[in-house]
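User: Please take a close look at one part of this model and describe it for someone who has not seen it before. Then place it among the other parts.
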Amino acid sequence: MISLSLSNFIKTILNIQDNNISFPEEEYCQVIKKGNHLVKVFKGFLKYNYCACPHCSSKNIVKNGSRHRKIKYISIQNYNIELELTIQRYICKDCKKTFSPSTNIVSDNSNISNNLKYTIALELKENVSLTYIAKKYNISVASVQRIMNICYPDFKVNKEHLPEAICIDEFKSVKNIDGAMSFVFADYQSKSIIDIVEDRRLNSLTEYFSRFSLEARNNVKYICMDMYVPYISLVNSIFPNAKIVIDKFHIVNLVNRAFNQTRISIMNSIQDDSSKRKLKLFWKLFLKYYPDLCRVNYYCQSFKRKLSSKDKVDYLLEKSPELEFHFNIYQDIIQAIKHNNFKRFDEIIKKYLASKEKISKKMITALKTLKKYMKYIGNMFESNITNGLIEGLNNKIKSIKRTAFGYSNFSNFKKRVLIQVGIIPISA
Ligand SMILES: [Zn+2]
């Protein structure tokens with residue numbers, strides 16, 4: 001059996017590995033109330049037997065009173081823990097300088113222990129606000145911010161390298177930003193954020209990317225984006241070898257919206273109330289890919305009989321040739337995308353744009369947009385790269401922004417995002 005002294009027992013509990021710290025046998029702990037927190041204050045001594053003055057090496061040194069330090073510690077069982085150290089002071093009789101020992105449990109200029117700092121630093125990786133962390137550990141928001149800056153290095157993007165495929169996107173930025181929208185880009189292969197740029201406007205991005213080496217920029221083969229003209233100008237001027245890829249999701253969405261708006265206006269012009277009601281009720285079925293529609297019969301209240309989703313669509317299409325015509329345009333486009341058949345996609349768009357039949361305004365606009373971006377849509381079929389990954393990262397950014405409503409400073413916000421997505425590692 002190893003028997004620990006009380007002092008060593010307390011040190012084991014508090015995880016203190018400093019031989020210069022000891023706790024007295026009596027009155028080593030006291031419970032006090034601070035605001036809403038109960039605090040356990042452990043009282044200890046920090047002593048060191050100096051052989052010589054650290055300033056002049058004289059051996060002519062004597063004790064010179066003591067000073068007290070309060071150190072915030074990791075909480076235990078809902079108690080905040082504080083360490084109150086009595087630190088022996090010495091004076092050198094030769095150089096007249098005073099000195100006292102330091103300890104590895106806390107830096108000289110801080111009142112927060114190193115392990116509490118580390119605990120808070122780890123917490124900064126979670127999606128919780130600075131205010132929440134400050135409250136939890138009973139320290140100020142400014143202290144939490146300071147710990148973030150001490151424990152995580154500032155991020156510097158590598159301007160000598162860029163990956164072959166990049167995904168780009170934007171998000172509504174924090175306040176105090178002229179551009180209103182910020183820009184984020186990620187490596188398609190590694191699925192990680194490369195950097196976040198405060199202002200997504202063309203001149204800001206051009207300046208930003210100009211700082212990357214030509215070799216890095218030459219390495220980029222594909223850039224996936226939504227249909228936003230300034231991005232296209234950016235790629236053409238900054239990335240000589242890159243092909244623009246329009247994100248599949250945006251294409252599908254564009255056609256989807258155009259068809260749905262057409263469906264609504266057709267629906268509103270239908271005289272037969274029963275069909276109108278059904279069309280309103282089952283609108284979602286029309287947006288589905290036709291071959292994927294369920295063919296199992298279920299009893300339906302509106303039809304007063306058993307029928308499948310496919311039957312419902314067929315029934316309503318028969319009621320309106322105009323709807324059927326637009327439904328077919330929509331389905332043809334979706335099918336070409338599903339089958340990854342660019343030739344077919346291109347033909348469909350051309351065919352309908354040349355068609356003599358009356359196509360809705362919304363649908364025509366969509367078809368014209370697709371024609372305008374056809375080259376880049378071709379690259380989408382060729383590369384199969386999508387922005388799904390960055391949409392996911394972007395959602396994460398948005399949720400961090402919601403939690404971190406306190407950020408008016410962009411660089412702090414960006415740093416926190418990069419910490420949370422694991423781009424900036426903790427520096428122990
Ligand atoms: Zn001295």
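What is the volume of the largest pocket?

Analyst: The model is a predicted one, in which local features need pLDDT of at least 70 and side-chain atom pairs count only at pLDDT 80 or more, while totals for chains, interfaces and linings use all residues. Residues are numbered from 1 along each chain as its sequence is written, and side-chain values use heavy atoms, with hydrogens and water left out.

The largest pocket has a volume of about 270 Å³. A pocket here is an open set of points on a 1 Å grid over the protein atoms alone, with protein on both sides within 12 Å along at least five of seven lines; a cavity is a set where a 1.4 Å probe fits but cannot get out, and lining residues have an atom within 4 Å of a point. Points are joined across faces, edges and corners, and the volume is the space filled by probe spheres set on them.

The lining of this pocket consists of 14 residues, and those closest to its centre are Asp 195, Val 197, Tyr 208, Arg 211 and Lys 414. At least two lining residues come from β9 (192-197), and at least two from α5 (202-210). These labels follow DSSP runs numbered from the N terminus: helices are H or I of at least four residues, strands E of at least two.

Between β9 and α5 there is a loop, and Arg 200 sits in that loop. Arg 200 has a relative accessibility of 16% and so counts as buried (under 20% relative accessible area; exposed is over 50% and partly exposed is in between, with a 1.4 Å probe and protein chains only).

Helix α17 covers residues 410-420, and because 10 of its 11 residues are buried, the helix is largely enclosed by the rest of the structure. After α17 comes Gly 422, with a positive phi near 85°.

Next, some paired strands. Strand β7 (residues 165-172) runs parallel to strand β10 (residues 222-225), with three bridges between them; two strands pair if DSSP finds at least two bridges. Ala 165 has Tyr 222 of β10 as its bridge partner. On to strand β11 (residues 243-246): β10 is joined to it by four bridges, again in parallel. There, Ile 223 stands opposite Ile 244. Between β10 and β11 the chain passes through helix α7 (residues 229-238), making a right-handed β-α-β crossover (with the strands pointing away from the viewer, the path from the first strand over the helix to the second runs clockwise).

Across the whole structure, two cavities of 30 Å³ or more are found. The largest cavity holds about 70 Å³. Its lining includes Val 39, Lys 72, Tyr 73, Leu 116 and Tyr 137. β4 and β5 each supply at least two residues of that lining.
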